[in-house]
Amino acid sequence: MNVTRTPNHPIEPLFLARWSPRAFDRSPMPAEDLLTILEAGRWAPSAFNIQPWLFLFALRDDAHWAEFLSVLDPFNQQWAGEASALVFLLSDRVVPGDANRPEATSNYNSFDAGAAWMQIALQSTSLGYVSHAMAGLDFDKGRSALNVPDRFRLEIGIAVGQQRDPANLPDELRQRETPSDRLPLNRIAVRGPYTGQVDTIAAA
């Protein structure tokens, strides 16, 4: 059943247009388009401007395509193999030292990488592509296949491509191939400290 996405308050239409389909059409993707999408991720905000993200990518005609696809779990492989590009998002768990601070373990590398993913997703939508982030990975295999340094965390995989009709998806996935709704704002936003009841927003 299709879901009509209606915001509780006015927002940019791009936020509603972005969603995570699984039906891709296998079409070739110009490398320049993917680089534009990753460029958007590059400009995400980060603590201390450390920019801890690293993007590993393969287009579907690249020599490493099959190896990249093998990092996904079997459920994700069955549909993500139809995408035009696969991206793996890594984050640096080490805050480099400088004249003002010693090297330290980061507490916010995953948070900052998440900001980069969101900008990748929105830029994909803006260019007429769709993207789908996947946490269903074989993380041990991924570290080896992608040659991930010890200091980096493998966060997610991202499938990018052109959306197609979902008719060829398995029945279970086809039924889920629709934009999802979100909890109303009064369930997730509280003015003041948390009280255990999240069902109203105090008047401004």
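**Notes on the model**

1. R22 sits in the loop that joins α1 (13-17) to α2 (31-42); helices are DSSP runs of H or I with at least four residues, strands runs of E with at least two, numbered from the N terminus. This is a predicted model, where local features need pLDDT of at least 70, side-chain atom pairs count only at pLDDT 80 or more, and totals for chains, interfaces and linings use all residues. Residues are numbered from 1 along each chain as its sequence is written, and side-chain values use heavy atoms, with hydrogens and water left out.

2. Is R22 buried or exposed? R22 is buried (under 20% relative accessible area, with exposed being over 50% and partly exposed in between; 1.4 Å probe, protein chains only). R22 has no salt bridge (a side-chain nitrogen of Lys or Arg within 4 Å of a carboxyl oxygen of Asp or Glu). The nearest side chain of opposite charge, E177, is 5.2 Å away; Lys and Arg count as positive, Asp and Glu as negative, and His and the chain ends are not counted.

3. Beyond neighbours within four places in sequence, the contacts of R22 (heavy atoms within 4.5 Å) include F75, W79, H132 and E177.

4. The largest nonpolar core has 25 residues (buried Ala, Val, Leu, Ile, Met, Phe, Trp, Tyr and Cys joined through side-chain atoms within 4.5 Å). L72, W79, L86, F88, L146 and A159 have the most contacts inside this core. At least two of its residues come from each of β1 (53-59), α3 (65-70), α4 (74-80), β2 (85-92), β5 (130-134) and β6 (152-161).

5. I188 lies in the segment after α7 (171-175) and counts as exposed because its relative accessibility is 56%.
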